[in-house]
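Here is a short note for someone opening this entry for the first time. Please keep the viewer open and follow the points in order.

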Amino acid sequence: MPEALRVDAGLRYETHSERLIDRLTQLYGDMPEFDYWLGELLHIAGGLHADRPAVLRRLDAQRVSDPGWFSRQQMLGYCAYVDRFGGTLRGVAARVPYLRELGVTYLHLLPFLKMRDGDNDGGFAVSSFDQVEPRLGSMGDLVSLTAQLREAGISLCADFVLNHVADDHPWAQAAAAGVPQYRDYFHTFSEQSELEVYERHLGEVFPEVAPGNFIFSPALGRWVWATFYPYQWDLNYQNPAVFAEMAAALLRLANRGVEVFRLDSAPFLWKRLGTNCLNQPEVHWILQALRALIEIVAPGVLLKAEAIVPVSEVSVYFGTRDPAHDECHLAYHSSLMAASWAALAEQRTDLLRRVIAATPTLPESASWLTYIRCHDDIVWGTLRPEAQADGLTLDQRLGAVSRFLAGTVDSSFAAGSAFQALTADAVFGTNGMAAALVGFSRARNERERTYAERRLLLLYSVAFCFGGLPLIYMGDELAQGNDESEANASLRQADGRWLQRPVFDEQRLALRHEPRSVPGRVFAGVRRLIECRRNQSALAANVSRRVVPALDPALLILARGERFVIAMNFSNDVKQVDVAIFGGGDWLDCLGNTVVNKMIKLEPWCVRWLERRS
Ligand code: OTU
């Protein structure tokens, strides 16, 4: 054990080093200088532990003694781009009172580290892990922001883009300049025929704008693996130097006060010929090794997997596969999100019910990240297993849903847009802000506005009540719509996802206490859900959940524990629910403050949060 770890972290080293070394041996044990490399890595980890500020060490100690801290029903996330929400990191700090007013305890800021000049995928092409993007502020600003947030009871979550770096990152530049040591940081090939063998099994993330998974770098004179945009070069984790560099970069950011890391594109980290190069076993060893390092050096920190794959594959990111090992603390439940939108579009909840049934119970101290919208498109492929359960193909089952939400169907209330649509009958990704997708932008009268509002609160009820850490996407709480501004037209043209990345609307913000305005109504509605949730221990992440069978396909009745039920009507029609189906007795309607005990009437798109009274 390195000397620096003996102070404070000695016990944690005893507990977690075995698994760390085990995983690293599985990954890199074959290389001749492995022991030396491991010694160096531990030495670096020791140094970073020695550098960890006292206030963060206190936080570590607190969380080690309370590992379920992020599973409580008081936890509430908010997600925003720094420039769009506050202009700069300092501007974000100025929004802290607003976040507190809303009840936020967790703030995910989309990429704010130094990004590639020119196109940079909204910052997902990182040029330095140790500098803040100069437009947004400095490292000093980041440190003060994390301190201010912590003071306000808010944990900062930052993206950790670990699958790739920008082509102007110093490693990529050194590779292009011909330094062999850095060339090995990437997957490069001299022959096009080598790529073709891989391509046979690979998917495409952006088939329209960035087809294929490789680009030719004239500087390098070789082909480079680039899963996403051509300027995002995939890192080569077969090279232990890459693991060591990235682990140290993460721990340095943790020492600046970042409390949660969103592990971007986690499934892509390991490539294996003849496979789709997703979710390979080595990906899990890498993440388990990172987790063990964090347990030793900075145990207050959380890892969140961004794995946009079917729910059975996502659950593996918690370390649930045999033998079970700690991996990520949190993971996005993207199937739940997509199935909620499908239920809205189809007015039936069978996919949603199947997703809930397919959601495994998580280990203690792990939790889902539940959400309804984010900065990306809605990806329908994650629902493949549920969509195919009736013998249909994904396109057959969800093509109509994607067209409905894109607003290409006349009768649709939604005003989204298609992303990466290749053929007319295939399912494509869906862009658009939640408010546009639930019907606010198309609403022509009071009834349609009311229905849009109900649909938004219905979907947020799923995210708030499912059991997990819910995340509000910036602007949803004010029913902010799509960004159709002239100023962003060229961004949208190049990448349609900019439709859901608007500048925070100050006018809506100013109207939030105005009960007759749309933003005021929605803000009050969302706040009511948040308040109700805070007071309901049945809504904590680790309370059991079950779908109560209901004959009507438009209904979803979700029970949490024995004393809490959420009854949801995903249709344009009035529905009746007999309380006998979830056990009879008296129930308090928490949102409406009335007691019900026989038939419950659910207006179109309405939800009831019911607490057992007798
Ligand atoms: C992530 O996304 C980010 O959320 C995107 O904003 C980035 O463009 C991308 O990584 C590259 O850094 O594949 O499993 O629309 O869901 O790109 C992770 C598809 C990903 C996204 C996908 C995604």
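1. Start with the cysteines. The sulfur of C328 has its closest cysteine sulfur in C157, 12 Å away, and that is too far for a bond. Keep in mind that this is a predicted model. C328 is also buried, at 1% relative accessibility.

2. How many disulfides does the structure hold? The count is 0.

3. Now turn to the ligand.

4. In D377, a side-chain N or O atom is 2.3 Å from an oxygen atom of the ligand. For R262, a polar side-chain atom lies 2.8 Å from a ligand oxygen atom. E306 contributes as well: an N or O atom of its side chain is 3.3 Å from an oxygen atom of the ligand.

5. How much of the ligand does the protein bury? Taken alone, the ligand exposes 500 Å², and the protein buries 95% of that.

6. D121 sits in the loop between strand 3 (113–115) and strand 4 (126–132). Its phi is near 55°, a positive value in a residue other than glycine. Is D121 buried or exposed? D121 is buried, with a relative accessible area of 11%.

7. N279 is worth checking alongside. The phi of N279 is near 55°, again positive in a residue other than glycine. N279 belongs to the loop between strand 11 (260–263) and helix 12 (281–297). At 14% relative accessibility, N279 counts as buried, because the limit is under 20%.

8. Where is F70 found? Look in the loop between helix 3 (54–64) and strand 1 (77–80). F70 counts as buried, at 1% relative accessibility. F70 and D376 are 306 residues apart along the chain, and 24 Å separate their C-alpha atoms.

9. R84 lies in helix 4 (residues 82–86). Which backbone oxygen lies 2.7 Å from a polar atom of the side chain of R84? It is the backbone oxygen of R501. R84 has 11% relative accessibility, so this arginine counts as buried.

10. Last, the domains. The domain assignment of the protein gives domain 1 (164–234) and domain 2 (545–612). Taken over C-alpha atoms, the centres of domain 1 and domain 2 are separated by 52 Å.

How values were computed. Residues numbered from 1 in each chain as written. Predicted model: local features only at pLDDT ≥ 70, side-chain atom pairs only at ≥ 80, totals over all residues. Heavy atoms only, no water. Disulfide = S-S within 2.5 Å. Buried < 20%, exposed > 50% of the residue type's maximum accessible area, 1.4 Å probe, protein only. Polar contact = N/O pair within 3.5 Å; in protein donor to acceptor, adjacent residues only side chain to side chain. Areas by Shrake-Rupley, 256 points an atom, 1.4 Å probe, with all protein chains shown as cover. Domains from an automatic or database assignment. Helix = DSSP H or I, 4+ residues; strand = E, 2+ residues; numbered from the N terminus.
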